[in-house]
Amino acid sequence: MTSLSRETLSQIYFTMRLTRAMEDRIHKLFLQGRIVGGVYTAQGHEATTVGAAMTLRDGDCIVPQHRDLGMHLVRGTSPRAVMCQWLARGNSPTLGRDGQMHIGDMYHGIVPMISMLGASLPVACGVALTMKMRKRSSVVLASCGDGATNTGAFHEALNLASVQKLPLVLIIENNGYAYSTPTYKQFALQDLAERARAYNIPGESVDGNDVLAVMETVRRAVVHARSGNGPVIVECKTFRVRGHSEADKADYVPTELREEWLAKDPIQRFETYLREQGVLTPALQAEIEAKIKAVVEDAVAFAERSPAPDGATVTDDVFAPDGPIAIIGEPDSDNPRYVNALDRRTGKPFTTVSKAEEAVGRR
Ligand SMILES: Cc1ncc(C[n+]2csc(CCOP(=O)(O)OP(=O)(O)O)c2C)c(N)n1
């Protein structure tokens, strides 16, 4: 029996269902040709993503990845922003430059993901170090897949986080595959939580399809990190029901394995529990379903009436603006150094590297 209130339980259920409903709608929009490019969904991950993020409080940060719509919704990314992003509208978080979950919102403490696997984790360490240096009691919750744990950046980040005792909780979403590569071909470990031992930090594995178990485990990890004891790994064992992307039929997944996981669907399991506890009555379920439908349709309608990106702005935010950011060395220096660009802002009137280099005969 959980100590969570009926309101919190309904909120968790609503957000898990909203996550799935939005992804179902995104899938449909893709099949209708209204979304171009790749579509990556996370049906089956909802207990992990929603449960982990539900343990945070104001001032905490998340560093989510491509299957973390649930974390976004918990932490404040609006369904409208998500749909504008997928439909690549000019008012999307990336102003129409990207049509996937590479979005963030620093106001809500959501750091946008970096597409290269593992590369977001050193950034998560940077955010956590900032929290520590500013003596905030905030925690950074980052995530990655099983495949990403094989990158150098993953190990460098964990090493740094451990040595510096950073307030970082890393959720490993182990869904059994990195694209088509099963875990037994990726690493010689039973549990990815064991990766923690190499860095002398706690690591725990949990059933990632049981939202209350995820919350309980991540909550302990968050308390540990918030108390100044350093990082923790939580491995959530789950399953990606659809392919890696819409282009992938996932026929490399054995039928028995798929069936085994489908029987453990996180939403159905939680629904059964809530009914048994008398929390989810037929009236509440109908109310939640109507609300989800309204939220999703509002988001799609909003995105569809939003403008396409303005072609004239295509290079905006791509190149650094010209300006006094690249002052290097003295005008007669034979030895211009980039470090001077940081230190000598009041130096000489060079406004670009090329002018400075020209002046010292380096071009
Ligand atoms: C360094 C790097 N290698 C390969 C890719 C291409 N790629 C994107 S997602 C993905 C699979 C990732 O698997 P995993 O980390 O287990 O996460 P999952 O997609 O299963 O959630 C691959 C190979 C990439 N983005 N970055």
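Colleague: What share of the contacts in the protein with a separation of 6 or more comes from residues 24 or more positions apart?
Modeller: This is a predicted model, in which local features need pLDDT of at least 70, side-chain atom pairs count only at pLDDT 80 or more, and totals for chains, interfaces and linings use all residues. Residues are numbered from 1 along each chain as its sequence is written, and side-chain values use heavy atoms, with hydrogens and water left out. A contact means heavy atoms within 4.5 Å. Among contacts with a separation of 6 or more, the share from residues 24 or more positions apart is 71%.

Colleague: What percentage of the 363 residues count as buried?
Modeller: Buried means under 20% relative accessible area, with a 1.4 Å probe and protein chains only. For the 363 residues of the protein, the buried share is 50%.

Colleague: Which residue has a polar side-chain atom 2.9 Å from an oxygen atom of the ligand?
Modeller: A backbone N or O atom of Leu117 lies 3.0 Å from a nitrogen atom of the ligand. In the side chain of Asp146, an N or O atom is 3.1 Å from a ligand oxygen atom. The polar side-chain atom at 2.9 Å from a ligand oxygen atom belongs to Arg67.

Methods:
A polar contact is a pair of N or O atoms within 3.5 Å; within protein, one must be able to donate a hydrogen and the other to accept it, and residues adjacent in sequence count only if both atoms are side-chain atoms.
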